[in-house]
Amino acid sequence: MKGAEVGRRRGWRWSCWAVGALIAVLLASAATSRNSVKIPLFGITNHICRCAESRKYTGVVEDCCCDYETVDGLNKEVLHPILQDLVTTPFFRYFKVKLWCDCPFWPDDGMCRLRDCSVCECPESEFPEPFKKPYHLSSDDLMCQEGKPQAAVDRTIDNKIFRGWIEVDNPWTNDDETDIAEMTYVNLQLNPERYTGYTGLSARRIWEAVYSENCPKYSSEEFCQEKRVLYKLISGLHSSISVHIAFDFLLDEANNLWGVNLELLYDRVLSHPERVKNLYFVFLFVLRAVTKATDFLEQAEYNTGNLEEDLKTQSLVRQLLYNHKLQAACPIPFDEAKLWQGESGPELKQQIQAQFRNISALMDCVGCEKCRLWGKLQVLGLATALKILFSVDNQNLINQQLQLQRNEVIALMNLLNRLSESIKFVKEKGPDAEKIMEKRTHSTTTKSSL
């Protein structure tokens, strides 16, 4: 019995010593410098590793007035739900565009590999009464769909849908928006932005011309803020287009299987933190243009001949413009007043405006019809945002009244919706894409070591 009691006492002393040693280690660790590398006990930590931390986006978006966390929250709770409903209304569903323009820079030799690249007419019965054609569609027009409603196009011109709107040209675009000749009306809901198989030299040449000749990559030492803004707008738009291609990708052509391509999302966007940051920048830039044009957009006439749908459209527009959460958390997403300052301001504005017009003209060189459609729409949407922010002075609205045409408003809201979708998709699918690429990298490393 005495031997057992002695053993228990020794065990108790050993336990006390071990606990004391552990406490001493913890105290010593706590006393070390904050700059030292922290190694968590048992390999468990709440901190993200250094490599992943470089891709975590926190703080204020560069050159903007809102932070990443606020943007993600507002987009998820407010902007994305409203915009998703808004772009499906008859007013914002139809976009007029010139799809058959010659490329002003080089002969068009781009060919689409998939039939989904093309855009064709849809039956007359699919459209509301004010949008119907005055003539009967031929059987060839009906066969053009081949059972694929996503390729349908409306080519209607009806004066009723223009009531209350003024046709004015946009100084930031190359197309003459007042010339309705050869205009095609497209149902955007039936022509989604997605993977089309448009790749190769023709596609690369477009983006090379955009970046190298019109908005080269900036560095903080070389370019003024105005030129930096132009580059970030185009880079952010490019990122958004890549996100939508990855989101709706042809995974299996033989079985016509479409889905999400997370590896493509990572390779084209997520692996380049600058591209993600520019995506957030262009989103806030366009959002600022929409909020600045509140008075015009609220009073605009959203008439398509369908009273119920038109009232819904007007209600959704007001919900977007006067949302209290947006006004409280991010009242001014981007401060445009700090641009074009100094004596060289007007000259610099003309220079950048000319560069953007060239980018607009490059959309006629896109060899894929559906890519050209969405390229023209989003470039016009961006041009409309530039027109709103830099063509009207808030302090002198009497002499500079904002005038927007119907097509500009449609492009602006659809662009904001596309950017909203990209922000949401990156936020939700980004971690999954990161995990997949980490596994792929780990597998490659393991095979190499073996």
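The torsion about the S-S bond of Cys 66 and Cys 330 is about 85°, so this disulfide (a pair of cysteine sulfur atoms within 2.5 Å) is right-handed. Cys 66 sits in the loop between α2 (50-53) and α3 (68-86), while Cys 330 sits in the loop between α12 (324-329) and α13 (345-362), so the bond ties together parts that are 264 residues apart in sequence; helices (H or I, at least four residues) and strands (E, at least two) are DSSP runs, numbered from the N terminus. The S to S distance of this pair is 1.6 Å. Cys 66 is buried, at a relative accessible area of 3%, and Cys 330 is buried with a value of 3%, where buried means under 20% relative accessible area, exposed over 50%, and partly exposed in between (1.4 Å probe, protein chains only).

The model is predicted, so local features need pLDDT of at least 70 and side-chain atom pairs count only at pLDDT 80 or more, whereas totals for chains, interfaces and linings use all residues. Residues are numbered from 1 along each chain as its sequence is written, and side-chain values use heavy atoms, with hydrogens and water left out.

By the distance rule there are two disulfides, and Cys 103 and Cys 365 form one of them, with sulfur atoms 1.9 Å apart. The torsion about their S-S bond is about 75°, so this disulfide is right-handed. Cys 103 and Cys 365 are both buried.

The sulfur of Cys 64 lies 6.8 Å from the closest cysteine sulfur, in Cys 65, which is too far for a bond. Cys 64 is buried, with a relative accessible area of 10%, whereas Cys 65 is partly exposed at 40%.
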